[in-house]
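Here is a short tour for anyone who likes to have the model open while reading.

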Amino acid sequence: MTAVLSSDAGTRNAPAQHFEVRRFDAPVGAEIVGLDISKPINDVDFARIHRAHLDHHVVVFRDQQVTPADHIAFSRRFGALEIHVLHQFQLKGHPEILIVSNIKENGEPIGLGDAGVYWHSDISYKPRPSLGSLLHAQELPSQGGDTLFADQHLAWEALSPDLQKRVLPLKAEHSYLAKYEELRSKNPWRPKLSQAQIDQVAPAIQPVVRTHPETGRKALFVSEHFTTRIVGLPQDESDALLAELFAHSVKPEFVYRHHWAPHDLVFWDNRSLMHLAAGTPDELRRKLYRTTIEGDTPF
Ligand code: SIN
């Protein structure tokens with residue numbers, strides 16, 4: 001199964017853009033410099049971007065002074081877009097964009113202020129979790145606000161052979177509601193979910209180890225945010241195994257820390273990585289726009 005990678009005839013034959021893919025000096029990640037995602041991207045250039053995303057798992061498109069409509073159109077070339085269950089934080093006129101922000105206007109939050117406070121892979125709580133997400137910097141704090149990415153292929157490969165054998169056949173439950181009330185008690189601005197919202201996020205059962213549908217590489221697929229239990233294990237055994245996997249999966253040797261620059265557009269692969277928002281001092285403003293691409297059923 002591959003990403004949609006759609007283009008129309010006009011785009012397919014657009015002039016080439018001259019851009020470089022530069023690997024980071026980190027376990028994972030690369031930057032793409034010289035590309036303008038708001039201009040037509042021909043199929044050859046698009047194939048290079050797609051390859052860079054598969055190889056590096058998180059790519060940072062530098063200096064994208066683009067509109068929400070450009071962000072959405074570029075994201076759509078990789079697949080259909082998710083509409084986040086927290087409709088309260090959709091960008092007006094663009095429901096495909098989730099506002100991630102700690103800013104309050106007239107006492108009301110303009111976005112999801114605590115997105116990513118626990119390690120997670122986006123939408124793992126749905127039967128078809130996300131392929132990838134694109135987060136675009138709008139307003140950045142002078143300190144803090146970094147995002148961390150942990151490579152779950154490396155995490156899988158570094159497990160002992162005994163632990164690999166033990167976890168390979170296992171399945172786990174993922175739930176959007178797992179930490180919702182805990183987060184709400186810390187952040188009372190978090191909306192109370194309606195029954196319709198709760199119905200949209202029924203728990204899903206996922207493999208503990210998934211296979212990337214495009215590269216065939218295995219990756220650990222459990223997270224402290226959404227994974228509640230290993231199916232078929234007594235709760236104490238399940239808790240102990242999950243605690244061991246959570247601690248292992250985010251070891252520094254698997255992690256790239258992204259320090260945001262103005263107009264960065266960061267595109268990560270949710271099938272390969274988990275991510276975490278490192279936090280922003282309350283008095284500093286941070287605002288980003290996120291699109292989330294639909295993915296496949298994990299196997
Ligand atoms: C997210 O989890 O989508 C947000 C990450 C961030 O704000 O750095």
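## The ligand and its surroundings

A word before we start: this is a predicted model. The residues around the ligand are Val100, Ala115, Gly116, His120, Leu135, Thr147, His275, Ala277, Arg286 and Arg290.

Which side chains place a polar atom by an oxygen atom of the ligand? Threonine 147 does, with a polar side-chain atom 2.6 Å from a ligand oxygen. Arginine 286 has a polar side-chain atom 2.8 Å from an oxygen of the ligand, and for histidine 275 the corresponding distance is 3.0 Å. On its own the ligand has 260 Å² of accessible area, and the protein covers 99% of that.

Serine 101 sits in strand E5, which runs over residues 94–101. With a relative accessibility of 4%, serine 101 falls under the 20% cut-off and therefore counts as buried.

Setting aside neighbours within four places in sequence, serine 101 is in contact with Ile110, Gly111, Leu112, Gly113, Arg286 and Lys287.

## Histidine 258

Is histidine 258 buried or exposed? Its relative accessibility is 0%, so histidine 258 counts as buried. This residue belongs to strand E15, residues 255–258.

The side chains of histidine 258 and aspartate 264 are joined by a polar contact of 2.9 Å. Not counting residues up to four places away in sequence, histidine 258 touches Val60, Arg62, Asp146, Thr147, Phe149, Asp264 and Val266. Thr147 in that list is also one of the residues around the ligand.

## Helix H8

Helix H8 covers residues 235–249. The buried residues of H8 are Ser238, Leu241, Leu242, Leu245, Phe246, His248 and Ser249. Looking down the axis of H8, these buried residues fall within an arc of 165 degrees, so they line one face of the helix.

What covers the buried residues of H8? The cover includes helices H4 (152–157) and H5 (161–167), together with strands E9 (147–151), E13 (218–220), E14 (227–230) and E17 (273–277).

## Helix H2

Helix H2 has 14 residues, 43–56, and reaches 20 Å from its first C-alpha to its last, close to the expected 20 Å. At its start, a side-chain oxygen of asparagine 42 reaches to within 3.1 Å of the backbone nitrogen of valine 44. After H2 comes histidine 57, with a positive phi near 70 degrees.

Asp45, Phe46, Ile49, His50, Ala52, His53, Leu54 and His56 are the buried residues of H2. Their cover includes helix H3 (68–76) and strands E1 (20–23), E2 (30–33), E3 (58–61) and E16 (265–269).

## Two loop residues with positive phi

Asparagine 106 is not a glycine, yet has a positive phi of about 50 degrees. It lies in the loop between strands E6 (104–105) and E7 (108–109), and at 81% relative accessibility asparagine 106 counts as exposed.

Isoleucine 123, also not a glycine, has a positive phi of about 65 degrees. Its loop lies between E7 and strand E8 (130–139). Isoleucine 123 is buried, with a relative accessible area of 4%.

Technical notes:
Residues numbered from 1 in each chain as written. Predicted model: local features only at pLDDT ≥ 70, side-chain atom pairs only at ≥ 80, totals over all residues. Heavy atoms only, no water. Helix = DSSP H or I, 4+ residues; strand = E, 2+ residues; numbered from the N terminus. Expected span 1.5 Å × (residues − 1). Buried < 20%, exposed > 50% of the residue type's maximum accessible area, 1.4 Å probe, protein only. Arc of directions from axis to C-beta. Contact = heavy atoms within 4.5 Å. Polar contact = N/O pair within 3.5 Å; in protein donor to acceptor, adjacent residues only side chain to side chain. Near = heavy atom within 4 Å. Areas by Shrake-Rupley, 256 points an atom, 1.4 Å probe, with all protein chains shown as cover.
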